[in-house]
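Hi,

Here is the structure I promised to pass on. Have a look, and then read on for what turned up in it.

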Amino acid sequence: MSEQKKFSINSVPVTTLILFLICVVITAALVGTRVLTQPKIDELDRRAENEARQTVLPADDYREAAVTFTFEDETVNGAYLEALDASGKVIGYLVKKGYKGYGGEIPVMVGVRADGTIERIKILAADDETPGLGRKVLEKDFYEQYTGKSSGVTMDKNGTGDTAVRSVTSATYSSKAVHRAVSYALALTDAVRSEKTDDEASSETENAQEGEEGTEHE
């Protein structure tokens, strides 16, 4: 008469099954939590984005747009926002760009007025930068230097001249990441402004030609 095998919770198959079931339950719980919290996270992100826009370049509305331009000897297609007043007139542009600092990417939002000068910049995050060094890019003494600057702005350790800003001491990578993002935004908005100027000149030429033709027919 054969002996019956005794059931043991310590057996390898049973232990494996229990661990598998635990993993399934934990995964399902995490997915469920993510599904429930994601809308709230998205809403908080949208609010933070809108607050940043109004801080950098206040406007009644913003409109998405894109332009092809050259930056650092490369042709890129850059997205940006047109800042509009209550009448729908473009009063400036918003550009968001990030480059790698010492610890991670540093996203920067740049507000540029219609005349090509910077209204304000906002460093959106620098959590991965070194405390007391790279994170100093979050301080007003650094980022407020860009207000009023335009294309051709440079950076050095002393901020020499009207077109220069002073880098953060002992934080070269972090400073350069911010400056590169600002330079990108200025190159983009210069391209946008140049296109608008060309379009306006072309429109004026066409109107003048139509006026001449009308005079000849009289």
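A residue counts as buried under 20% relative accessible area, as exposed over 50%, and as partly exposed in between. Keep in mind that this is a predicted model. Glu49 has a relative accessible area of 22%, so Glu49 is partly exposed.

The side chain of Glu49 meets that of Arg53 in a salt bridge, at 3.9 Å from N to O. Both residues sit in helix H1, four residues apart, which is about one turn of the helix. Glu49 also forms a salt bridge with Lys96, where the closest N and O atoms are 3.2 Å apart. Because Glu49 lies in helix H1 and Lys96 in strand E3 (residues 90-100), this pair ties together parts that are 47 residues apart in sequence. Lys96 is partly exposed, at 45% relative accessibility. Taken together, Glu49, Arg53 and Lys96 are linked in a network of salt bridges.

Glu82 and Arg63 form a salt bridge, with the closest N and O atoms 2.7 Å apart. Glu82 is in strand E2 (residues 74-84) and Arg63 in strand E1 (residues 61-71), so the pair ties together parts 19 residues apart in sequence. Glu82 is buried at 7% relative accessibility, while Arg63 is partly exposed at 40%. The count for the model comes to seven salt bridges.

Last, the nonpolar side: Ile18, Leu19, Ile22, Ile26 and Leu30 make a surface patch of about 450 Å². Of these, Ile26 is in helix H1 (residues 12-56) and is partly exposed, at 45% relative accessibility.

Cheers

Notes:
Residues are numbered from 1 along each chain as its sequence is written. This is a predicted model: local features need pLDDT of at least 70, side-chain atom pairs count only at pLDDT 80 or more; totals for chains, interfaces and linings use all residues. Side-chain values use heavy atoms; hydrogens and water are left out. Patches are made of residues with over 30% relative accessible area and no salt bridge: like charges are joined within 9 Å, nonpolar side chains (Val, Leu, Ile, Met, Phe, Trp, Tyr) within 5 Å. Accessible areas come from the Shrake-Rupley method with a 1.4 Å probe; for residues, only the protein chains shown count as cover. A salt bridge is a side-chain nitrogen of Lys or Arg within 4 Å of a carboxyl oxygen of Asp or Glu. Helices (H or I, at least four residues) and strands (E, at least two) are DSSP runs, numbered from the N terminus. Buried means under 20% relative accessible area, exposed over 50%, partly exposed in between (1.4 Å probe, protein chains only).
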